[in-house]
Amino acid sequence: MLSSLFSTIYEIVCGSNPDFPAYEEQIFSSVGLLTFLAAVIFCLLFYVALGRWRMIWFNNVHWGGTIVFCAVTGFVLAFLSAKGTLGLVDGYLIRFALFNALYAAVFFIALSFLFKNFSIYSKRTPF
């Protein structure tokens, strides 16, 4: 079920790639799950670890930097996973990696509303 969910999401945005069925069979599900787990880890680090450690980790600049770092991680995860599976780089792979970076940022923003309740100093970050 989870693999079909990520396959559907990626195919809606990136389109299907009939030349390489490995995207739908392997890459979409593993990259989608890893991206979601990376966003959870970044939220845990920002809100639970850093948000309880010191009072300096509460402003929107740090939150935005964490989003950028999460998006870059999502791009690298998608790029390296697809390149490792297929062994080549093409336009579809770049588009897939860019949209995965966007998904990583969206996952982080959505999870922020859940995890900010576990923080001491970052309860009002982002809003």
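Student: Is C43 buried or exposed here?
Tutor: In this predicted model, C43 is buried, because its relative accessible area is 0%, and anything under 20% counts as buried.

Student: And what about C14, buried or exposed?
Tutor: C14 is buried too, with a relative accessible area of 6%.

Student: How many disulfides does the structure hold?
Tutor: The structure holds 0 disulfides. C43, for instance, is in no disulfide, and the nearest cysteine sulfur, which belongs to C70, is 7.3 Å away, whereas a disulfide needs the two sulfur atoms within 2.5 Å.

Student: Ok, new topic. How many helices and strands are there?
Tutor: The protein has 4 helices and 0 strands, and reading along the sequence gives the pattern α-α-α-α.

Student: Where is N17 in that pattern?
Tutor: N17 is in the loop between α1, which covers residues 2–14, and α2, which covers residues 22–53.

Student: Buried or exposed, that N17?
Tutor: N17 is buried, since its relative accessible area is 13%, and the limit for buried is under 20%.

Student: Which residues is N17 in contact with?
Tutor: If we leave aside the neighbours within four places in sequence, N17 is in contact with Y23, D90 and Y92.

Student: How many aromatic pairs does the structure hold?
Tutor: There are 12 aromatic pairs in the structure. One of them joins F36 and F107, whose ring centres are 5.5 Å apart and whose planes stand at 85 degrees, so this pair is edge-to-face. The pair links distant parts of the chain, with F36 in helix α2 and F107 in helix α4 (residues 91–115), 71 residues apart.

Student: What does F36 count as, going by its accessibility?
Tutor: F36 counts as partly exposed, at 32% relative accessibility.

Student: And what kind of pair do F75 and F79 form?
Tutor: F75 and F79 form a stacked pair, with 6.0 Å from centre to centre and 10 degrees between the planes. Both residues lie in helix α3 (residues 60–86), 4 residues apart, which is about one turn of the helix, and F75 is partly exposed, with a relative accessible area of 25%.

Student: Last one, how much of the protein counts as buried?
Tutor: Of the 127 residues, 39% count as buried. As for the surface, the protein exposes about 7,100 Å², and carbon and sulfur atoms supply 72% of that area.

Notes: Residues numbered from 1 in each chain as written. Predicted model: local features only at pLDDT ≥ 70, side-chain atom pairs only at ≥ 80, totals over all residues. Heavy atoms only, no water. Buried < 20%, exposed > 50% of the residue type's maximum accessible area, 1.4 Å probe, protein only. Helix = DSSP H or I, 4+ residues; strand = E, 2+ residues; numbered from the N terminus. Contact = heavy atoms within 4.5 Å. Areas by Shrake-Rupley, 256 points an atom, 1.4 Å probe, with all protein chains shown as cover. Phe/Tyr/Trp six-rings, centres within 6.5 Å; stacked < 30°, edge-to-face > 60°.
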